[in-house]
Amino acid sequence: MKINQFLQYLRYERNLSPLTVKAYGDDLHQLADFLTHGKAEFHHSSVTPSDLRAWMVSLSGQGDGARTVRRKMQAARAFYKWLLKIGEVAQNPAADIELAKLPHRLPQFVREEGLDRLLDAPLPDDADFVEVRNRLIVAILYGTGIRRAELIGLLDRNVDTVQCQMKVHGKRDKDRIVPFGGELKRLIERYRGLRAEVQKAGVGELLLTEKGKPMYPSLVYKVVHDSLDEAGVKGKKSPHVLRHSFASAMLNHGAEINSVKEILGHESLAATQIYTHITFSELKTNYKLAHPRALKKGG
């Protein structure tokens, strides 16, 4: 089936992550099932724009939101663009289908005072492995802005506490060097001292579970959520929110946007520029709270 060949192309030629490739595969197999009613073989060359519009209507009818429908149609568009490129079809039936416009949403972030409250709270001298590891997870995510998957895949040998930098394996199999500060250095060294209790031979990741195995996504999410919850942080509490918080804090304190782009591992500056909207939003809020003319009724 051409869908499977397309997924191989995404993974090994485009270097997309396994999770992204799986998402494309799920969407395209859903399209194939819709068009064949789950029975006949999928003939990609016979698909028309009307077929794709009918799929969009069906998705909306079963409760999929605009964002989900848009993503699935983008998967179909990418698939047919590839088929066109390799000469399997004469035109892309998804090319001219108008996608629903999405409302502009700013990334959610945690205010600095909330994270300061959490990270400034002293760890007890007798804190155990799990307590120190959990604090370290939050500290790394907020202190470096790396993604959850990058955190999980972070190799111990690539975290250098002498030079205070780590080599991070990011999207599209690209590596980058991310600096960190003295506070994080001391926490890493303290964690490494306790990790000997659980570490097993052959496991090279920095962060481990209590059983000495590499961390996994749901556990990292739980650690972050519970840590922020205990600190009284409001709003969404997730690893990616800490990435947004890192970028926002950097720009609020005068970091140059291209430097933030490189640390975050963004492909384009446009992906980083969204955080300038956050900082401007904060600026307006602070103005309204502080300026005497803004405090007047109707100001």
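Predicted model: local features only at pLDDT ≥ 70, side-chain atom pairs only at ≥ 80, totals over all residues.
**Basis**

Residue numbers start at 1 along each chain as its sequence is written. Local features need pLDDT of at least 70, side-chain atom pairs count only at pLDDT 80 or more, totals for chains, interfaces and linings use all residues, and side-chain values use heavy atoms, with hydrogens and water left out.

**Overall build**

The chain holds twelve helices and three strands. These are DSSP runs, numbered from the N terminus: helices are H or I with at least four residues, strands are E with at least two. The C-alpha trace spans about 65 × 65 × 35 Å along its principal axes. There are 299 residues, and 41% of them count as buried. Buried means under 20% relative accessible area, exposed means over 50%, and partly exposed lies in between (1.4 Å probe, protein chains only).

The accessible surface of the chain is about 17100 Å², with 51% of that belonging to carbon and sulfur atoms. Areas come from the Shrake-Rupley method with a 1.4 Å probe; for residues, only the protein chains shown count as cover. Among contacts with a separation of 6 or more, 58% come from residues 24 or more positions apart. A contact means heavy atoms within 4.5 Å.

**Charge and patches**

The chain carries 46 positive and 35 negative side chains. The centres of the two sets lie 6 Å apart. Lys and Arg count as positive, Asp and Glu as negative; His and the chain ends are not counted. Each charge is placed at NZ of Lys, CZ of Arg, CG of Asp or CD of Glu.

Which residues form the positive surface patch? They are R14, K81, K85, K171 and R172. A negative surface patch consists of D125, D126, D128, E131, E197 and E210. Patch residues have over 30% relative accessible area and no salt bridge; like charges are joined within 9 Å, and nonpolar side chains (Val, Leu, Ile, Met, Phe, Trp, Tyr) within 5 Å. A salt bridge is a side-chain nitrogen of Lys or Arg within 4 Å of a carboxyl oxygen of Asp or Glu.

D126 sits in the loop between helix 5 (112-119) and helix 6 (129-144). D126 counts as exposed because its relative accessibility is 67%.

K171 lies in the loop between strand 2 (165-169) and strand 3 (175-179). Its relative accessibility is 56%, so K171 counts as exposed. Beyond its neighbours within four places in sequence, K171 is in contact with R147 and E150.

R14 is in the loop between helix 1 (2-12) and helix 2 (18-36). At 35% relative accessibility, R14 counts as partly exposed. R14 touches Y9 and R172, leaving out residues up to four places away in sequence.

| Pair | Apart in sequence | Apart in space, C-alpha to C-alpha |
|---|---|---|
| K171 and A201 | 30 residues | 28 Å |
| R14 and G202 | 188 residues | 30 Å |

**Positive phi**

Most residues other than glycine have a negative phi. C164 has a phi near 55 degrees, a positive value. C164 is found in the loop between strand 1 (159-160) and strand 2. With a relative accessible area of 17%, C164 is buried.

R172 also has a positive phi, near 55 degrees. R172 lies in the loop between strand 2 and strand 3. R172 is partly exposed because its relative accessible area is 31%.
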